[in-house]
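Please open the structure in your viewer and keep the selection tool at hand. The tour goes chain by chain.

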Amino acid sequence: MKRKTMALVLSSLMLVMAALTGCSSSNKDSSESAGGSDKQVTLNVWGMGEEAKSLPKIAEDFEKENPNIKIKVQALPWDTAHDKLLTAVASKQGPDVLQLGTTWVPEFGSAKALMDIAPMLDQYPELKPDNFYPGSINTTKFDGATIGVPWYVDTRVLYYRTDILQSVGYNEAPKTWDELKDAATKLKARGGDKYGISLDTKEQSLAFMFARQNGSKLLDGNKPLFNEAPFVEAVDYLNGFFKEELAPIDLGMDIIPAFRDDAITPMFISGPWMVKIINDQAPELEGKWATAVLPKKENNISALGGSNLTVFQYTKHKDEAMKFLAYMSKPETQLKWMELTNSLPAAKEAWNSDVLKNNKNYKVFGDQMEHSEPMPMIKPYEALSQKFLSTFEQIYRANANVQDEMNKYNKEAEDILNNK
Amino acid sequence: MKSSSTAAMKPMKSTNRQEKLFQWFVGIILTIGGILMLIPFFWMVLSSLKHESELMKLPLTIFPSSPTLENFTKLFENMNFAVYLKNTLIIVFFSFIGLFLNAAAGFGFAKYDFKGRDSLFYIVLATMMIPGQVTMIPVYLILNMMNLTNTMIGIVLPGLVGAFGIFLFRQFMSTIPNELLEATRLDGASEFRLFVQIILPLTKPILAVQGILTFIAGWNSFLWPLIIANDEKLYTLSVGLSLLKGQYGGNYALQMAGSAFMIIPVIIIFIIFQKHIIENYTISGMK
Amino acid sequence: MKGSVNRAPYYFIAPTLILLTIFSLLPIFVALFISFTNMDLVGLADYSNIKFVGLKNYINVLADPIFLKSIGNTLFYVIIGVPLVIVCSLGVALMINFGKARIFKAFRVIFYMPAVTNVVAVAVVWGYMYNTKFGLFNYILESIHLPAVPWLTHPVWAKLSLILLAVWRAIGLNMIIFIAALQGIPKSYYEAAQLDGASNWKQLTSITLPMLRFAIFFVSITTMIGWLQFFEEPFIMTQGKPLDSTTSVALFIYRNGFQLSNFGYAAAGSFVLFFAIIIITLIQFKFQNKDTDL
């Protein structure tokens with residue numbers, strides 16, 4: 001009796017499971033069965049976060065132009081996208097087209113999970129490297145291969161409160177390192193709980209960016225240059241802001257509340273996304289803030305980021321995927337994308353449009369783009385930059401000696417770069 | 001809170017003055033504790049009624065200056081709500097089957113003496129001790145081999161049973177007197193009937209506890225649905241919510257609305273179920 | 001009949017054991033295997049790139065100062081967190097169970113509510129409350145003329161602040177387990193004790209606590225394992241800062257495994273944690289066996 005009941009329960013369970021598997025596998029992507037180019041093809045596209053929600057709107061026009069291709073967009077949350085991509089690489093089952101943050105290119109490139117599109121570039125005039133900023137094109141190069149094409153870009157600029165800088169005698173944004181320090185000192189002198197500038201200690205690219213401005217090459221092949229003068233000086237310069245309390249170490253506040261009203265931190269360095277965030281969260285600041293290209297030392301190279309569009313190595317629809325990439329790279333499409341998501345176009349020609357030319361902020365970003373380089377395109381970049389952040393914390397928080405710490409860090413970096 | 005453990009717990013038969021005073025005392029301690037527990041929760045609900053610009057303003061305002069439902073409207077516009085809800089409910093439904101299996105296993109471990117019982121039980125416990133991050137990729141590869149990726153079954157199966165549940169059931173079923181089982185066996189009941197008709201009703205409070213936990217886990221299931229699904233048709237509410245977050249933050253008010261929205265059903269379910277934990281029931285035949 | 005009784009337990013545990021074997025045990029063995037290799041993303045994409053490295057990962061991880069620091073932090077969390085959770089949740093459960101007025105039923109819901117909140121959402125709220133300059137906690141301290149506390153920025157305070165948040169979230173679940181157990185104690189025991197004139201305190205120590213030993217044992221084991229795997233709070237609130245003083249072992253594993261894709265290294269770290277948890281749990285079981293007949 002009992003055994004029968006047990007068996008019944010178990011078998012009915014199995015049945016339900018089988019039914020579920022059956023019905024869900026039947027709607028498994030039809031792309032696998034489709035083969036010929038004239039047949040209906042479904043292209044799976046993985047995009048990231050909120051902005052991916054706007055992708056279907058762009059894809060509609062593409063589908064009109066190519067009636068035999070259907071675009072299916074899957075949005076991945078930013079926080080967990082990396083996990084999701086790992087499993088896709090492991091099972092070799094992924095999308096056809098994939099959005100990839102520029103810092104992830106070396107990692108997934110080294111895993112050979114993404115297609116080298118170099119041999120196909122001739123067929124698609126939209127994808128010619130000349131169409132893009134050289135810094136952006138660098139983010140698609142890894143290990144001799146061309147992995148994808150720039151989609152949208154971002155670069156860091158200086159945000160500042162015009163009214164408050166004016167009150168300490170700066171009618172324009174600081175233009176050099178010395179001016180930046182001076183402005184911060186004067187802003188600090190406003191008294192109270194005020195500071196001069198907010199420097200994000202969690203931002204991995206910050207110190208590397210300043211070191212470049214000071215002439216450091218960061219790496220020479222596999223040899224790190226982190227304990228040499230240009231880099232150490234830059235760290236020292238940044239550390240000065242914390243030591244002299246021109247920048248808060250633990251404000252524990254978001255950028256916007258600290259930027260509005262009397263501005264606890266009237267300057268900060270960030271990317272284009274902040275324009276929308278300021279407008280949304282602090283609309284009353286309209287006309288009281290501006291952006292400017294970064295202050296310079298030897299140069300004012302900024303950190304270039306953004307996302308590329310790549311083709312998944314194991315796709316069965318190479319040509320359709322390339323067509324989609326080409327479509328997304330057209331200046332018109334890029335402008336439309338900017339309209340939808342406020343991300344900056346990677347195609348140079350798009351920057352000639354009136355929308356970009358007549359907007360003060362966009363003009364600043366355009367100028368800064370001319371002086372922007374991506375972070376080193378090496379696989380262990382993430383490990384290097386994380387190690388740096390904890391080294392830097394020892395310096396600004398625990399008052400460790402800068403040169404000593406950088407010697408130590410350089411040694412660790414050597415180990416990481418040479419795989420221990 | 002420490003003082004409470006020195007407090008006694010069952011009322012004396014007469015309600016004298018001292019007893020009443022003590023009731024008041026305990027009530028006041030709980031009220032203070034309860035208010036502290038609730039602060040973040042109120043914050044969340046109040047924030048969800050604020051405009052994004054007000055949320056990021058200093059000094060913090062407690063009550064929204066101009067309450068708005070705009071965040072909730074945006075939430076529904078942004079989410080493929082019906083689909084996500086359906087998937088979430090399917091997962092919740094299957095986790096209840098898992099609950100039944102856990103209870104059965106807990107019973108097996110608690111009330112039978114069989115070869116290898118202790119070692120098997122230790123193995124079950126051991127599965128609880130490895131951080132989930134380590135086994136995630138192996139589990140994914142196993143599901144992939146079984147061709148279960150991108151299916152509902154692949155989302156449900158790995159989390160169907162769990163050591164925590166088995167352990168909890170075993171722990172509480174151990175306290176059921178053996179004489180009760182023997183008496184029922186003498187009446188000629190099968191072992192399965194014994195489990196369903198005698199044991200399950202006796203463990204009602206624990207079933208309710210586990211039921212709530214199961215519901216919450218299913219309701220909040222996040223990482224697996226995302227990893228297994230290659231199609232937004234299989235996304236759950238939590239995955240949908242996490243999509244609201246941009247790469248560089250922002251959308252706080254919207255996220256608060258989303259979180260508030262996720263929590264309300266859980267609280268309702270809890271209010272329904274907790275009656276069963278607390279109802280004073282008498283176990284017949286138990287001394 | 002007798003035979004079916006002998007086989008019955010296997011039927012009860014079989015479905016669960018099969019599922020656990022496939023989705024928990026097997027993956028643990030795979031992870032154990034990985035811990036002896038140099039597996040990273042390249043290896044994951046193409047298994048032929050995976051090389052055996054023997055014990056290298058274990059040797060390196062045990063020499064990694066951050067790993068050792070994270071072990072110290074985790075022990076701190078366990079030693080303070082576990083007793084705190086047990087005392088608080090048991091205390092609340094006893095008080096709620098003690099109360100006779102209807103209002104006490106409402107307290108069950110109130111104290112349980114933190115357990116169902118989304119940790120990301122509450123982290124934002126707690127972040128504001130912990131804010132050194134503008135936060136609620138320091139505001140209260142200042143208004144009663146106490147010095148401000150560097151909640152999340154001082155190595156020891158930061159750990160304590162995370163513990164406070166985690167205890168706040170953990171009370172609810174353990175409280176309902178205790179309440180369920182309290183409800184399982186037959187009323188007749190108390191009636192008999194009252195007839196004998198036993199005081200409330202006497203009833204607590206000689207009836208309630210002994211009858212709760214299974215529940216207390218369960219809560220202490222699961223809470224201990226939970227704290228040894230402490231992850232979400234430091235991950236969201238502090239990312240291990242300041243100076244890695246809040247990095248837990250689980251956070252260390254996550255960083256190396258999922259952010260840096262050093263799967264072999266992360267797996268080695270997690271097996272160190274795994275064995276630590278097993279040993280601690282076995283010790284707890286030994287104690288339980290001595291006290292009671294489990």
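Keep in mind that the model is predicted.

**Stop one: chain C as a whole**

Select chain C and colour it by secondary structure. Along its principal axes, the C-alpha atoms of chain C fill a box of roughly 75 × 75 × 30 Å.

**Stop two: the inside and surface of chain C**

Keep chain C selected and colour by accessibility. How much of chain C is buried? Of its 294 residues, 58% are buried. Among contacts in chain C with a separation of 6 or more, 65% join residues 24 or more positions apart. Now show the surface: chain C exposes about 11,700 Å², and 70% of that comes from carbon and sulfur atoms. Next pick out the charges of chain C, 19 positive and 11 negative, whose mean positions lie 5 Å apart.

**Stop three: helix 12 of chain B**

Move to chain B and select residues 204–220, which form helix 12. Its 17 residues should span 24 Å at 1.5 Å a residue, and the end C-alpha atoms are 24 Å apart, so the two values agree. Is this helix enclosed or open? Because 13 of its 17 residues are buried, helix 12 of chain B is largely enclosed by the rest of the structure.

**Stop four: residues 392–419 of chain A**

Finish in chain A with residues 392–419, where an unreviewed UniProt entry places a "coiled-coil region". This span is 75% helix and 0% strand, and its end C-alpha atoms lie 22 Å apart.

How values were computed:
Residues numbered from 1 in each chain as written. Chains lettered and ligands numbered in written order. Predicted model: local features only at pLDDT ≥ 70, side-chain atom pairs only at ≥ 80, totals over all residues. Heavy atoms only, no water. UniProt positions renumbered as here; feature names shortened; annotations may be inferred. Helix = DSSP H or I, 4+ residues; strand = E, 2+ residues; numbered from the N terminus. Buried < 20%, exposed > 50% of the residue type's maximum accessible area, 1.4 Å probe, protein only. Contact = heavy atoms within 4.5 Å. Areas by Shrake-Rupley, 256 points an atom, 1.4 Å probe, with all protein chains shown as cover. Lys, Arg positive; Asp, Glu negative; His and termini not counted. Charge placed at Lys NZ, Arg CZ, Asp CG, Glu CD. Expected span 1.5 Å × (residues − 1).
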